[in-house]
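This report describes the structure shown below.

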Amino acid sequence: DIDVVVVDDGDRPETAALVEALEDPRVQLIRNAGRRGVSGARNRGVAAARGEWVAMTDADSLPTPRWLERLAHKAPGAVAVYGPLRFYGVSPLEAALSEWGYRAFLNLMALLGRPNLAGANMMVLKEAALRVGGFPEVEAREDVLLGWRLKALGPVRYAGDALVLTSARRLQGGWGRFLLRQARNLLGDPRGYFGEAGERER
């Protein structure tokens, strides 16, 4: 059994109407009174979830078939599970390179003992996430930082077959600027991570 929590952080006026039109009792709509940012929106979603585990993705991301099943397969005994990403809206070659590069990066970070969770493709044990204070209120890397906090409580596992497709909007300005922002973010400087507009899809 699953329930779905949609957090409306005021980004798009049509969000609430789309969710309400579903008329499905398994779907909860959480409306923030004011913009709370990505961390605030994610934390409200985790708190509202009724299940033991909370899987999450982003408004501009598309989980592939059996995504939840594949995350859940890795869940027993863990406190968090995460998977890879691949860009959509780009050429087949760029999509393949984005997935290959990201998988290599995730494997490297796992070997270094620093799992790199992404909010577009992760699942957390609700009790554990609440115990460490949820997502920290930062401009970016809130997902990575939560993953590191959770690792102190128990295993954080990688599900390589739980693929999510994500928007290539971060490539505006080209691969060079994208990779530079990634490197700066990895080194702890998230300023400008989401480009000049600074907007994120919740």
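Helices (H or I, at least four residues) and strands (E, at least two) are DSSP runs, numbered from the N terminus. The model is predicted: local features need pLDDT of at least 70 and side-chain atom pairs count only at pLDDT 80 or more, while totals for chains, interfaces and linings use all residues. Residues are numbered from 1 along each chain as its sequence is written, and side-chain values use heavy atoms, with hydrogens and water left out.

Because 10 of its 12 residues are buried, H2 is largely enclosed by the rest of the structure. Buried denotes under 20% relative accessible area, exposed over 50%, and partly exposed in between (1.4 Å probe, protein chains only). Among the buried residues of H2 are Gly37, Arg42, Asn43 and Ala48.

## The largest pocket

The largest pocket holds about 1300 Å³ of space. Of the 39 residues that line it, Val4, Val5, Ala55, Met56 and Thr57 are the closest to its centre. A pocket is an open set of points on a 1 Å grid over the protein atoms alone, where a 1.4 Å probe fits, with protein on both sides within 12 Å along at least five of seven lines; lining residues have an atom within 4 Å of a point. The volume is the space filled by probe spheres set on the points, which are joined across faces, edges and corners.

At least two lining residues come from each of strand S1 (4-8), helix H1 (14-20), helix H2 (37-48), strand S3 (53-56), strand S4 (61-63) and helix H3 (67-73).

## The nonpolar core

The largest nonpolar core has 31 residues, of which Met56, Leu71, Met122, Val124, Leu146, Leu150 and Val156 touch the most other members. Its largest share, 4 residues, comes from S7. Such a core is a set of buried Ala, Val, Leu, Ile, Met, Phe, Trp, Tyr and Cys residues joined through side-chain atoms within 4.5 Å.

Beyond its neighbours within four places in sequence, leucine 146 is in contact with Met122, Val124, Val132, Gly134, Phe135 and Pro136.

## Individual residues

Histidine 73, in helix H3, is exposed, with a relative accessible area of 64%. Its C-alpha atom is separated by 8.3 Å from that of alanine 159, 86 residues apart along the chain.

Glutamate 23 lies in the loop between H1 and S2 and has a positive phi of about 50 degrees although it is not a glycine.

Methods. Contact = heavy atoms within 4.5 Å.
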